[in-house]
Number of protein chains: 2
Amino acid sequence: MRDTYVLGVAMTRFGKLLDRSLKDMAYEAVWDAIRDSNIDPHDIGIAFVGNAYAGLITGQESIRGQVMLREVGLNRIPIINVENACASGSTAFYLARSAVASGQADMALALGAEKLFCDDTGKSLKALATSSDIEIEGRMGIVFAGIYAMRVRAHMARYGLTREQLAEVAVKNHDHGALNPRAQYRNRVSVEEVLNSRMIADPITLLMTCPMGDGAAAAIIGTREAAERMGKRPVRIAASVLGSFGYPDKDEPGIVARVARQAYEAAGITAADIQVAEVHDAVAPVELFLYEELGFCGPGESGRMIDEGATRLGGRLPVNTSGGLSSRGHPAGATGLAQVAEIVWQLRGEAGERQIRPAPGVGLVENGGGNVAGETAVVAIHILAA
Amino acid sequence: MRDTYVLGVAMTRFGKLLDRSLKDMAYEAVWDAIRDSNIDPHDIGIAFVGNAYAGLITGQESIRGQVMLREVGLNRIPIINVENACASGSTAFYLARSAVASGQADMALALGAEKLFCDDTGKSLKALATSSDIEIEGRMGIVFAGIYAMRVRAHMARYGLTREQLAEVAVKNHDHGALNPRAQYRNRVSVEEVLNSRMIADPITLLMTCPMGDGAAAAIIGTREAAERMGKRPVRIAASVLGSFGYPDKDEPGIVARVARQAYEAAGITAADIQVAEVHDAVAPVELFLYEELGFCGPGESGRMIDEGATRLGGRLPVNTSGGLSSRGHPAGATGLAQVAEIVWQLRGEAGERQIRPAPGVGLVENGGGNVAGETAVVAIHILAA
């Protein structure tokens, strides 16, 4: 397998973008990524397009990527549509990276795009519910917020996490998002505001949840030769792992811990080497579990980690400098590639007001999808080393 | 890249299967493929699942493969959902083959499943329409049958194809399907019956079109080592190519010709070496164009080829011995893998009443998806050599 590099990245602003279409957002993200890569677009040999819900929102199923990439002008290369719930963008990235690593193509495009806002919120919510088994969880009425709430309460009971610690994750991510011109929300919030916002599923309040969003993001992946030609500091993909799982056995490590272990091994590093991370805070408290599963701290130590500000900008390991799902936003299929974009910008020193100084050398992306209770899940971890 | 082999294949019976779910059909196809492969299912390292329309028919979008493979008991391996209209199954096969060729996994599962029949035919038709650009062709009302009709008429005008020759393709495929216990239709039809059946889009009549269908099919792909352990005659995948295209330039070869050329080159053979083929006869007359684009005959010679019976069982190059889309059926996401199954059975001498004797040594699969007029299209061609 060959070494692979991220040649360029891009994302649209995320948000409630009622006047933008998937085609329009894909156009912006792909061409910005091409410009960022400084490549000839004719050198792109294959494209993977991640989207989770278009069939149920815009009505375009079946050939979503072909339709988007026709608009872009890139529809004569092999195009493969992938779908893995909120990890669809990471799945596209994973396959694009595999295609270059294996020599199938010298350059590959990964595009993620999602439109969740439409004229009917019920339609959007129904679409989101298809990321669980509609015949089982769908009929039981077990929704994501409820599943997360149960996990959070179990963790609170076991390790003594406080409500203030849960809220602090949202506060931190909003502080970061306020510095990100592409973020959906740029307002700061206080612990009190988070705790006093509407209760969604105790202990998860409204300001601990991520918003629905529209947006697109893209990455172009290539060989070392292509990276050397581009004239910018290339970012190497040291590992890219994708996993799924069924209901875990008792005391079995979660899927993220399992996949992270594989990623660290593939990259030849440990969790202690990570200097910046973008993780899947679908609800803010989950970010705390992720610190533990990713090995950023030991079991039960994530509360102390957030108290100490270790994962804030300026801390020892800034997490979600983009604002995370909570604040940057979460247009499902685009999220995994927006995470990659943020890490690439941080590694290159191009993250503007939210730049970590000195620029970090090793970053991690964790993106999840599907019912978190264990029915199904997809996680992709990309470790990018400059 | 390593050599890759089809270790095992399976398909359910295709048809109007109102009492069967995607999960149920996937269960049958995957376990039959595992038994056919004589492998330990724990050795499967990754799964690619092709489906085109479930989000719009059953409502299960986003994590279709995870939901199906949980039922199968295989949901702890990486699972990737792919979608490329009627070529979704071939896209899953293409990626599964790439994963083994590149060393990403030693064994991979490709599953294709589709449920098109439901309680609302309008819903099914609307879902099928998403294989074109819903904002362009969808609003213009240009449907697949109409597009095919225009192509057929242009070919008739240029080369003098007759209506009887078009009908003869449907007659041949129904004759073949009558010998296939898994085919959706097992009745024979005459040229007169085909020509006198209801006109759909002149010159295409009802009996020249393929039916909607439900069904699943699967293939397990592995390395030479795995193939040697299985105890059956393994079938090598000599080439697997996937292409997309935009509007073709004038006089430019079609996408099938382009992809076929790449596949022959990759396999180190020519069209003259092919001894059996499964091709995408979405409407029967298209099979004639495919003879020409695949190089089975020269431009304009397909009419003579069908007249001579060259592509019938007993002819020099039997095409669609399964019955093809016309008679075996076309549950979109399953079709590409049903085609692979037929070729594997023919190469192994396991095709029952429709077995070519002596068993052929080299077979070709051509599967298409998306709007054939050129807006978008996906074609995968797999050349299997015993």
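This is a predicted model: local features need pLDDT of at least 70, side-chain atom pairs count only at pLDDT 80 or more; totals for chains, interfaces and linings use all residues.

User: How do you know that domain 1 of chain A touches domain 2 of chain A, and how many residues take part?

Analyst: Two residues are in contact if their C-beta atoms lie within 7 Å. Here the contact takes 37 residues from domain 1 of chain A and 31 residues from domain 2 of chain A. On the domain 1 side, the elements giving two or more residues are β1 (5-11), α4 (88-101), β4 (107-115) and β7 (214-222) of chain A. The largest share, seven residues, belongs to α4(A). By type, that side has 20 nonpolar, 11 polar and six charged residues.

User: What makes a set of residues a nonpolar core?

Analyst: Its members are buried residues such as Leu and Ala, joined through C-beta atoms within 7 Å. The largest core here has 267 residues. Leu111(A), Ala218(A), Leu111(B) and Ala218(B) have the most contacts inside it. Leu111(A) touches Ala218(A), Val30(A) and Met68(A), among others.

User: Why is the relation between chain A and chain B called a two-fold axis?

Analyst: Check the rotation and the shift. A rotation of 180° with 0.0 Å of shift along its axis superposes chain A on chain B, with an RMSD of 0.0 Å. That is the relation of a two-fold axis. In chain A, Val82(A) comes closest to the axis, at 2.2 Å (C-alpha).

User: How do you know that the copies meet through the same surface?

Analyst: Compare the interface residues. Of those in chain A, 100% are also interface residues in chain B, so the copies meet through the same surface.

Methods:
Residues are numbered from 1 along each chain as its sequence is written. Chains are lettered from A and ligands numbered from 1 in the order in which they are written. A residue is buried if 20 or more other C-beta atoms lie within 10 Å of its own, exposed if 12 or fewer, and partly exposed in between; C-beta atoms are placed from the backbone. Helices (H or I, at least four residues) and strands (E, at least two) are DSSP runs, numbered from the N terminus. Ala, Val, Leu, Ile, Met, Phe, Trp, Tyr, Cys and Pro count as nonpolar, Asp, Glu, Lys and Arg as charged, and the others, Gly among them, as polar. Copies are superposed by least squares on the C-alpha atoms of residues with pLDDT of at least 70 in both. Lists of a residue's contacts leave out its neighbours within four places in sequence.
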